[in-house]
Amino acid sequence: MVLRLWHLQARLAYGATPRARGALGAFFTTPKITPTEAQVKAQTKVANESSQSAQIRLVTYLRNPQGREVARTESKQTVAAGASATLVQTLVVKSPERWSVEKPALYTAFTEVYQGQQLLDQVETPFGIRSISFDAQHGFRLNGQTVKLKGGCIHHDNGPLGTRAYDRAEERKIELLKASGYNAIRCSHNPPSPTLLAACDRLGMLVIDEAFDMWRHGKNPHDYHLYFDKWWQQDVASMVQRDRNHPSIILWSLGNEIPERGTPEGVKTARQLADYIRTLDSTRAITAAVNGLGPDKDPYFAVLDVAGYNYAAGGDHHQADIYAKDHARLPKRIMYGAESYPLEAFGSWMGVLDHPYVVGDFVWTAVDYIGEASIGWLGYWQYQQFYPWNLAFCGDIDICGWKRPQSYYREALWKENQVSLFVKPPRLLSP
């Protein structure tokens with residue numbers, strides 16, 4: 001008799017065992033939270049891989065951040081041979097500790113499958129009790145409180161360590177950003193490692209989890225557009241089912257600067273992606289990062305819950321503001337700066353502070369990365385003698401983890417009572 005929680009894909013992708021953390025079979029949400037109690041909804045898919053039907057007993061129990069058991073329930077279900085069943089359970093946690101940026105309290109769910117008294121499979125899933133919402137009047141709210149997103153885009157590489165996701169390197173990246181005033185990251189332009197998301201859960205960093213950099217129309221001859229039609233659904237499912245228990249994730253992103261974003265074809269694909277994600281997780285809003293801003297993108301934005309604006313605010317916040325113009329046209333649209341220039345940090349952040357419907361700003365980039373060599377040099381009206389550069393040279397934090405001057409400036413923008421001193425380098429005067 002082979003019965004198990006449904007997480008074959010986790011095994012195949014990550015070499016996990018039946019007792020792997022964060023397997024795909026168990027999904028936990030918190031639909032109702034009050035100061036006195038929280039309702040935790042557990043949806044667990046159980047697969048019967050044997051040749052005969054089986055009656056199973058599903059036991060789910062929760063431990064609080066201190067490791068004490070605070071809720072338990074069990075259900076019985078007959079699962080046909082070669083079939084699977086999804087069991088829905090509700091648990092109640094008294095006096096819940098809410099997950100937040102300041103106090104990222106993590107609960108742990110334990111899910112066990114029994115046949116009679118025999119334990120057949122089990123999984124352990126960290127999760128958080130918290131509520132999130134977006135609206136044009138209050139912006140982004142976490143546990144009912146408005147939070148402005150002090151954000152940055154990050155790539156998946158770890159500088160001189162390459163693109164491998166070493167656990168400590170991923171954790172250190174989030175620690176450095178947290179210490180520099182960030183409370184949010186955008187994973188550009190692909191889902192991050194599980195270790196990075198676990199660090200965001202543990203340290204209190206909000207996350208935009210992003211799927212694609214292109215759909216059917218390519219940006220390069222051999223990129224993902226060659227495989228989109230065959231693989232998009234499986235890849236989206238892999239992202240959402242793997243990551244949906246992370247309390248740090250607040251938005252699912254359909255993609256970045258999609259070439260067909262201003263066309264009827266792009267609108268149709270965006271709707272297809274968004275509708276599919278909602279079948280996997282209806283608790284989070286959906287976004288995308290859009291460049292070439294203008295009214296022609298309105299049908300595309302209409303498919304999304306939250307609109308990501310790339311390079312919108314400009315250097316002087318007193319100039320004509322695309323945020324305010326679009327709000328006048330479409331007062332219910334919720335916006336944020338999905339990418340902004342470091343040199344325009346002041347204007348970009350004033351756009352967030354001035355408008356409740358602008359929920360945050362994400363600089364390109366929070367951490368420097370290998371690739372797009374010298375865009376931080378060429379993009380800022382300087383000399384074009386960039387050979388032999390390898391780095392983008394646009395990050396607040398360099399690839400070794402050192403803060404660059406723009407990071408100190410951002411701290412002065414973001415942190416209360418922060419003093420930063422800026423000194424120009426000395427220049428030798430001609431005699």
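The buried residues of helix H10 (residues 405-414) are covered by elements that include strand E12 (149-154), helix H2 (167-179), helix H8 (345-354) and strand E19 (358-363), where helices (H or I, at least four residues) and strands (E, at least two) are DSSP runs numbered from the N terminus, and where contact means heavy atoms within 4.5 Å. The model is a predicted one, in which local features need pLDDT of at least 70 and side-chain atom pairs count only at pLDDT 80 or more, whereas totals for chains, interfaces and linings use all residues. Residues are numbered from 1 along each chain as its sequence is written, and side-chain values use heavy atoms, with hydrogens and water left out.

Within H10, the residues Gln 406, Ser 407, Arg 410, Glu 411, Leu 413 and Trp 414 are buried, that is, under 20% relative accessible area with a 1.4 Å probe and protein chains only. Seen down the axis of H10, these buried residues fall within an arc of 160 degrees (taken from the directions from the helix axis to the C-beta atoms), so they line one face of the helix.

When residues up to four places away in sequence are not counted, Leu 206 touches residues including Trp 99, Phe 140, Ile 185 and Ile 250.

Note on methods:
Buried means under 20% relative accessible area, exposed over 50%, partly exposed in between (1.4 Å probe, protein chains only).
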